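Here are a few exercises to work through with the model open beside you. Try each task before you read its solution.

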Amino acid sequence: MRRWLRRGSTLAGGATKALAPQQISVKLTIPFVAEISGTWEPVAVEREAAWELYVELATRISVVELGEDEGLLREALSSLYTVFATTREILRRYGPAVAPRVSPGHVTFGALAVNVLNLSIRPLLSRWHPLLAGHEGQRGPGVDAVAHERSWDRAPELRREIEDVRKVLLALAQALNEVAGVGDLITVRIPNQAPAEAVDETGQALG
């Protein structure tokens, strides 16, 4: 059962959390590789780091589903490169405090972040960046870059592997969201609002 800790600390950017979980259960499944699971009892600095990485994931196309005829594979890989670099920067900046020693069956921000980088993102980038670059190098003069990329016979395979990584990042983002104690910035969409009715200076409706 999830336990909650009432707190009044302020996260980076000035956002104050009145209620945040004292512990959560985490489960990240990396296809054909491993399952990362355990109880996370975050300390204050881990909550700060969780918020920063959550914002990074929420604003990247790396967590957006890439339809069969949507987007560019190169853009998706570039977005993952950025996530990789930013995650390493967050780990360096916060230091050992986000990777405290914990008992078996427990996880930390550092352990989650490093495992996702090394077991999910790094293998994808290491394998597919040179393969895609090789195909891109074969594009002839006047050939549209999008059409050339989609003509690649290995494009469907790469899309499937990008989707596998996206699911891992979404699971990580969900854990970060819970620990940071913030609203959902990835899947929740603000509904369209009807335009406000025009009124005159007396408050009467116009038209």
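**Exercise 1.** Which helix supplies the largest share of the lining of the largest pocket, and how many residues does it give?

The model is predicted, so to speak, with local features needing pLDDT of at least 70 and side-chain atom pairs counting only at pLDDT 80 or more, while totals for chains, interfaces and linings use all residues. Residues are numbered from 1 along each chain as its sequence is written, and side-chain values use heavy atoms, with hydrogens and water left out.

*Solution.* 
- Step 1: the largest pocket holds about 240 Å³ of space. Its lining has 13 residues, and the closest to the centre are Pro 31, Val 33, Leu 119, Ser 120 and Glu 161. (On a 1 Å grid over the protein atoms alone, a pocket is an open set of points with protein on both sides within 12 Å along at least five of seven lines; a cavity is a set where a 1.4 Å probe fits but cannot get out; lining residues have an atom within 4 Å of a point. A volume is the space filled by probe spheres set on the points, which are joined across faces, edges and corners.)
- Step 2: helix 3 (109-136) and helix 5 (155-180) each put at least two residues into that lining. (Helices are DSSP runs of H or I, at least four residues, numbered from the N terminus.)
- Step 3: helix 3 takes the largest share, with 5 residues.

**Exercise 2.** What lines the largest cavity?

*Solution.* 
- Step 1: there is 1 cavity of 30 Å³ or more, and the largest has a volume of about 40 Å³.
- Step 2: its lining includes Leu 53, Val 83, Thr 87, Ala 113 and Leu 172.
- Step 3: helix 1 (44-58), helix 2, helix 3 and helix 5 each supply at least two lining residues, and helix 3 gives the most, 4 residues.

**Exercise 3.** Is Ser 79 buried or exposed?

*Solution.* 
- Step 1: find Ser 79 in helix 2.
- Step 2: Ser 79 counts as buried because its relative accessibility is 6%. (Buried means under 20% relative accessible area, exposed over 50%, partly exposed in between, with a 1.4 Å probe and protein chains only.)
- Step 3: leaving aside neighbours within four places in sequence, Ser 79 is in contact with Arg 60, Ile 61 and Ser 62. (Contact means heavy atoms within 4.5 Å.)

**Exercise 4.** Where does Arg 154 sit?

*Solution.* 
- Step 1: look in the loop between helix 4 (145-150) and helix 5.
- Step 2: at 27% relative accessibility, Arg 154 is partly exposed.
- Step 3: Arg 154 touches Arg 127, Trp 128 and Leu 131, not counting residues up to four places away in sequence.
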